[in-house]
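Could you walk me through this structure, one selection at a time? I have it open in my viewer and have not seen it before.

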Amino acid sequence: MSVFERLVGQAAVVETLSAAVAGHGMTHAWLFTGPPGSGRSVAARAFAAALLCDAGGCGTCRSCHQVDARTHANLVVVEPAGLSISVDEARRVVRAAALSATGGRTHVVVVEDADRLTEAAANAWLKAIEEPAEGTVFLLCAPSPEDLPPTIRSRCRLVTLRLPTAADVASVLERSGADPATAAWAAAASQGHVGRARALATDEGVRAQREQALRLPFRLSTVGECIAAAGELVELADDEAGRQTKAVAAAETEALTEAVGKGRGTAGLHSDLQKKQRSRETRARRDSLDRALVDLAAWYRDVLAVQLGARTPPVHPDQAGPIAAAAEGSTPEATLRRIEAVLACREAIAANVTPLLAVEHLTLALRAG
Ligand SMILES: [Zn+2]
């Protein structure tokens, strides 16, 4: 199966990228943009696999597997350490790319969350993107072109992903074996986020986390309950993130040990990798908690829709009973305030407030109504 089949509802993008792999319209800097869940980094990594694979991205050869495991020698995936990409990290990657793109082999640098480049780091990239080493291809990912300095985005070919429709998502889940009812439910509950939909359809742990988040509104009768519920929500998000990052981390550690061993002189490399893995886990925890908050906000939107008699299809069709009860027991004004409280909590966490503190603040606000 071609790696491009991983892109959901993006026919135009697949056409552009396939043509580039075949040599039509290829360039050395690309910018993948689209809303969260549209699959920016999935698209960038599929393109990387296609550029490095002798068969144009077969998805099954050694090279394609190495791209998936992030262990391919000609691939660098830059993830922000902490909440921004530093100038040191940018310089290191630019140097590594220039050194290794030799012998006529393509070298691909994927920058996930390029919007988190600090200004100084962006300047370090700029030179590399202006005068790329032979054979180096940069794939940057960001929510929108405006998230990058104009000097960088003007040098990139733009690839715009759209949020897939629920029908797009459901049909992908069905093709990979989900029954139609589960596929339709997961597509609605994920609000167009493909990775999330797949996890909901196949992963018991993810479903349990969602249910816990959606029970939260009924567990807030005392201040003590609010604090406990907040703690559990954060803990569950942490567990979920840990499960997801562990497998990748283990593969990376194994690949590094295989490449350089564990002996004297390799401690620095191992500790660099551990640092990268820790910062990835921190981000995965935030993302996991954020998904729970997105579910919760949508749950209150469903409540509001019932209170206002709107005929929009619910995000959480399996929650009709609890949602009707909540609609009955509160006013539209209180529901609106609660939606705003959830959004404020997401913003606080994005702005680096301690997650537990932010969620405790949230549960108390939800209780007050
Ligand atoms: Zn391949």
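Predicted model: local features only at pLDDT ≥ 70, side-chain atom pairs only at ≥ 80, totals over all residues.

Residues are numbered from 1 along each chain as its sequence is written, and side-chain values use heavy atoms, leaving out hydrogens and water.

**Stop 1: the cores.** Select Leu 289, Val 342, Val 359, Leu 362 and Leu 366, which have the most contacts inside the largest nonpolar core, a set of 31 residues. (Such a core joins buried Ala, Val, Leu, Ile, Met, Phe, Trp, Tyr and Cys residues through side-chain atoms within 4.5 Å; buried means under 20% relative accessible area, with a 1.4 Å probe and protein chains only.) Now colour α12 (267–308), one of the elements giving two or more residues to this core; α12 gives the most, with nine. Helices here are DSSP runs of H or I, at least four residues long.

Zoom in on Leu 362: Leu 293, Leu 296, Ala 341, Val 342 and Cys 345 touch it, not counting residues up to four places away in sequence. Touching means heavy atoms within 4.5 Å.

Apart from this core lies another, of 29 residues, including Val 13, Trp 30, Leu 51 and Leu 52.

Stop 2: Next, select Arg 70, Arg 92, Leu 256, Leu 273 and Lys 276, the closest to the centre of the second largest pocket among its 37 lining residues. α11 gives the most to this lining, with eight residues.

Terms used: Buried < 20%, exposed > 50% of the residue type's maximum accessible area, 1.4 Å probe, protein only. 1 Å grid on protein atoms, 1.4 Å probe; cavity = no way out; pocket = protein on both sides within 12 Å on 5 of 7 lines; lining within 4 Å.
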